[in-house]
Amino acid sequence: MEGKTVVITGGCGHLGQAMVTALLEYGANVAVLARSDRLGDAYVPWRQAGKLAVFPADLQKTADIQNGFAAAEARFGGIDVLVNCAAYGGGAGGRSCEYRLDRVPDDTWNEGLDGTLGVTFRCTREAIPCLERRGGGSIVNVASMYGLISPDFSVYGEGIPWNPPTYGAGKAGVLQFTRYCAAALAPKHIRVNSLTPGAFPQLGPHTDMAFIGRLQEKIMLKRTGRAQELCGALLLLCSDASSFITAANIVVDGGMTQW
């Protein structure tokens, strides 16, 4: 990734931080678009070396996205890769929402779809001119296993909210949007692929480990994923190692979606 500049959304989150670290370790310049800078002391050397910058952006607002891309271009001289990792609304970013189908209000539905599919669309649209100025590039959309399969509600038990309907519906849309963009942008030498994580929970002192145990039983490898285990596929899709790969979806899920 030496000489490449990557813009990543959601780079301050659980999976996003692992992605930012991997991209930096492999030589990329990284621009993170985020509402707030939550990258800690471990990233200070990369900031001081001029390899990392965080630009404030509310990804619900097109103007903020445009300003973020402009700032990244000005700082690093151009943009080669966009990683669409950000998600917000129910089922994303550590947030929960109403999940019972007969009680989901319109605003919850609309925000959930916007927070998965809408944000991916807006960032992709605004990145196209930047990538064209570089003669092409790569876009990587982060989807989800729930864009491929339904949650198994039997593993949740009492008191654990189900994954809401908006999340999987939006992530399924991300997968189709990826294929659409790959076809539409191929003449511009822009490759578009998706990365589909399986179960990558952020474990902590308040995690319901009984739930995690039931979830692990649904995975061929009998464990959940660690955030850094997404990074091999990410680096492949971001780099020229995937120069003949477009419209592909790489699933990193320990085999969960295959049975």
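D240 counts as exposed, at 52% relative accessibility; here exposed means over 50% relative accessible area, buried means under 20%, and partly exposed lies in between, using a 1.4 Å probe and protein chains only. This is a predicted model, where local features need pLDDT of at least 70 and side-chain atom pairs count only at pLDDT 80 or more, while totals for chains, interfaces and linings use all residues. Residues are numbered from 1 along each chain as its sequence is written, and side-chain values use heavy atoms, with hydrogens and water left out.

D240 forms a salt bridge with K4, and their closest N and O atoms are 3.4 Å apart. A salt bridge here is a side-chain nitrogen of Lys or Arg within 4 Å of a carboxyl oxygen of Asp or Glu. The pair links distant parts of the chain, 236 residues apart: D240 sits in the loop between α7 (231-238) and β7, and K4 in the segment before β1 (5-9). Helices (H or I, at least four residues) and strands (E, at least two) are DSSP runs, numbered from the N terminus. K4 is partly exposed, with a relative accessible area of 21%.

## Other charged pairs

Side chains of opposite charge can pair when their charged atoms come close. The count in this model comes to 13 salt bridges. One of them joins E217 and K222, at 3.7 Å from N to O. E217 is exposed at 53% relative accessibility, and K222 is partly exposed at 40%.

R223 and E229 form another salt bridge, with the closest N and O atoms 2.7 Å apart. R223 is partly exposed at 30% relative accessibility, and E229 is partly exposed with a relative accessible area of 29%. Elsewhere, a network of salt bridges links R35, D58 and K61.

## A nonpolar patch

On the surface, M220, L221 and W259 form a nonpolar patch with about 380 Å² of accessible area together. Such patches are made of residues with over 30% relative accessible area and no salt bridge, with like charges joined within 9 Å and nonpolar side chains (Val, Leu, Ile, Met, Phe, Trp, Tyr) within 5 Å. The areas come from the Shrake-Rupley method with a 1.4 Å probe, and for residues only the protein chains shown count as cover. W259 lies in the segment after β7 (249-252) and is exposed, with a relative accessible area of 61%.

Strand β5 (residues 137-142) is mostly covered, with six of its six residues buried. G137, I139 and N141 point one way from the strand, and S138, V140 and V142 the other way.

β5 pairs in the parallel sense with strand β4 (residues 81-84) over four bridges, and V81 has S138 as its bridge partner in β5. Two strands pair if DSSP finds at least two bridges between them. β5 also pairs with strand β6 (residues 190-197), in the parallel sense over six bridges; there, the bridge partner of I139 is V192.

## Cysteines without disulfides

How many disulfides does a search of the whole structure find? The search finds zero, a disulfide being a pair of cysteine sulfur atoms within 2.5 Å. The sulfur of C130 is too far for a bond, because the closest cysteine sulfur, in C123, is 11 Å away. C238 is in no disulfide either, the nearest cysteine sulfur being that of C231, 9.7 Å away. C130 is buried, with a relative accessible area of 4%, and C238 is buried at 3%.
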